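Biologist: Could you walk me through this model? I'd like the plain version.

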Amino acid sequence: MEMDLSRAVKLARIELTPEEEQRLAPQLGEVLQYVEKLNGLDVSGVEPTAHATPLSNVMREDEPRESLSQEDALRNAPKTANGLFVVPKIVE
Amino acid sequence: MEYEAVIGLETHVQLKTRTKMWCGCANEYGADANTNVCPVCLGLPGVLPVPNAEALRLTALTGFLLNCDVPSYAKWDRKNYFYPDNPKNYQLTQLDFPSTITGFVEFELGGELESVRINRAHLEEDVGKSFHFADYSGVDFNRAGVPLLEIVTEPDITSGDMAYEYLNALKSILEYGGVSDCDMEKGQVRCDVNISVRPIGQQELGEKIEIKNMNSFSGVRRAAEYEIARQIEVLEEGGQLVQETRRWDDDAGITDSMRTKEDAHDYRYFPDPDLMPHRPSKEWLEAIREEVVELPLARERRLMEQYELPAGDADVFVGDAALGNYFEEAAKGLKNPKQAANWVINNLQAKLVETETSVADLKFPAVAIGELIGLVEGGQISSKIAQEVFAEMFASGKSPAIIVEEKGLSQVSDSGELEAFCREAIEANPGPADDFRNGKEAALNFLKGQVMKASRGKANPQMVGELLAKILNG
């Protein structure tokens, strides 16, 4: 089973060379096939859940804590200006 | 062919919390760029979000204010998309198990009561703010992670005017409930409009078009009106509408296409593994339910009914809740509450504005307003003197009866004393006195005014009128 990569590539905003696509398509197909096995399980008696951890109502009080300094916040940014993270010009 | 519009609104409202939704950074407008940020709201690897209890409380409170149900289970999902203002490359939101569902908002439109059903109000997070420069854009993440409530209506709205009134009603409900400040200037309320048209009588909905980028309620109204006309025109010219997202250009007053269905985002929602579900307990919900305040429309109607106030007065007490509460306190046990409303609106409100103070600063209790009214009704003081007494009440906080006593303002109703005043006035003004004798009724008012002046406003005006007439006709 081979996977159609074009859509996944587009959604993930990545570019693959034709060689990479040739190599990855069957590999990812195998992964899918493996996961597909789950469909063979009989889950008719199992209630659907979004979490396997028996926890709920985990929350914190609305108390402010110290934030990073602007300098620290921007430290990893490839480019900054006027305290902002610089990104390519957004046009939509 | 006649067409009708079908409109649904998605309104995003920032909640009034001290901190962000998933971290302890301040929820604060106007701070220096990227100073209210931390690894959690910057989307750095390896961090864990923890929900803000206050945001959950305000969400449930909103649910009650909007007549919604608060289900016993809610969870968060990741909505995946790439955009520079979205640091994690996903937004945390509630897809299929939102915190509140199925409610309604009531409001007045052209004198009629209207109702718009609410599909859901779900809790999510705001994104950063972008700034655009000549050859690059910059992002400030102070707003990223601020708790954001998305309030989604059913498609019950049929016109731009109706959308506008719904939004105003929603805003005043949220402000009244203390859920959000709804400051448009600060971007605390934003709105998307879903709109389609169809021939009247047709069951099937037309192609849905979403409009974005409206930053005022009047912008929503104008955009809806423009879009309804545009869609009808396309159909009438035999054209076809396609599902798309359009951008409102407020300056030009038009919408233009941003993207069509083919380019629509594929968000690949899935449950957020880091956030545990919320199961509101009965006790928690009951405690919040007790905080539900009377809504503006209900308050207006109750004031009109209970105190027989005109709509104008009721509006004042809805717009200024503290003044309204004060009025209700003052009107307790009064036969004619409208008089208390007059004092509170015409005199008290004016004094508060003049002195730049608020109801909380008042030196006299609300019950004093009733006492003052009682003194006028009982004939102890004239309504003119009552103004003087009120000014003194406001200044010193003394009770009306004590002020009247101390200043000797009691109305003169002793007929002997009054008769002396009247005879003096007639003697000093023979012209008007003759005029009255010759049948010019209005001349009596002049003489009455002279008596009031001579008594420094303390004469009982009704008795003065009667006495003057008696003497002159005698």
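Modeller: Here is a short tour, taken topic by topic. This is a predicted model: local features need pLDDT of at least 70, side-chain atom pairs count only at pLDDT 80 or more, and totals for chains, interfaces and linings use all residues. Residues are numbered from 1 along each chain as its sequence is written, with chains lettered from A and ligands numbered from 1 in the order in which they are written.

Biologist: Start with chain B. What domains does the assignment give?

Modeller: Domain 1 covers 3-289 and domain 2 covers 415-473. The bounds come from an automatic or database domain assignment. The centres of the two domains of chain B, taken over C-alpha atoms, are 70 Å apart.

Biologist: Now the inside. How many residues has the largest nonpolar core?

Modeller: 70 residues. By nonpolar core I mean a set of buried Ala, Val, Leu, Ile, Met, Phe, Trp, Tyr and Cys residues joined through C-beta atoms within 7 Å. Buried means 20 or more other C-beta atoms within 10 Å of the residue's own; exposed means 12 or fewer, partly exposed is in between, and C-beta atoms are placed from the backbone. Those with the most contacts inside this core are B:C41, B:V105, B:A163, B:Y166, B:V193 and B:V220.

Biologist: Which helix gives the largest share of that core?

Modeller: α2(B), with 9 residues. Helices (H or I, at least four residues) and strands (E, at least two) are DSSP runs, numbered from the N terminus.

Biologist: What does B:V220 touch?

Modeller: B:A163, B:Y164, B:L167, B:C191, B:V193 and B:M214, leaving out residues up to four places away in sequence. Contact means that the C-beta atoms, placed from the backbone, lie within 7 Å. There is also a second, separate core of 30 residues, which includes B:L352, B:I373, B:I385 and B:V404.

Biologist: On to α5(B). Which of its residues are buried?

Modeller: B:P296, B:E300 and B:L303, in a helix spanning 296-306. Seen down the axis of α5(B), they fall within an arc of 70°, so they line one face of the helix. The arc is that of the directions from the helix axis to the C-beta atoms. The face turned away from the buried side carries the exposed residues B:A298, B:E305 and B:Q306.

Biologist: And what covers the buried residues?

Modeller: The cover includes α2 (160-176) and α6 (311-319) of chain B. After α5(B) comes B:E308, with a positive phi near 50°.

Biologist: Switching to strands. What does β1(B) pair with?

Modeller: β1 (3-14) is joined to β9 (189-199) of chain B by 11 bridges, and they run antiparallel. Strands count as paired if DSSP finds at least two bridges between them. B:L9 has B:V193 as its bridge partner in β9(B). β9(B) also pairs with β10 (209-214) of chain B, antiparallel, over 4 bridges. There B:N194 stands opposite B:E210.

Biologist: Where does β2(B) sit in its sheet?

Modeller: The order is β3-β2-β13 in an open antiparallel sheet of 3 strands. β3 (90-93) and β13 (270-271) of chain B stand at the edges with a single partner strand each, so one side of each is left without a neighbour in the sheet.

Biologist: Last topic, the contact between chains. How many residues from each?

Modeller: 39 from chain B and 32 from chain A. On the chain B side, α1 (53-65), β6 (129-132) and β7 (137-140) each supply at least two residues. The largest share, 4 residues, comes from β7(B).

Biologist: What sort of residues are on the chain B side?

Modeller: 19 nonpolar, 12 polar and 8 charged. Ala, Val, Leu, Ile, Met, Phe, Trp, Tyr, Cys and Pro count as nonpolar, Asp, Glu, Lys and Arg as charged, and the others, Gly among them, as polar.

Biologist: Which strand of chain A pairs with β7(B)?

Modeller: β2 (84-87) of chain A, antiparallel, over 3 bridges. A:V86 stands opposite B:G138, and the bridge partner of A:V87 is B:S137. Within chain A, β1(A) and β2(A) form a hairpin with 2 residues between them.

Conventions. Contact = placed C-beta atoms within 7 Å.
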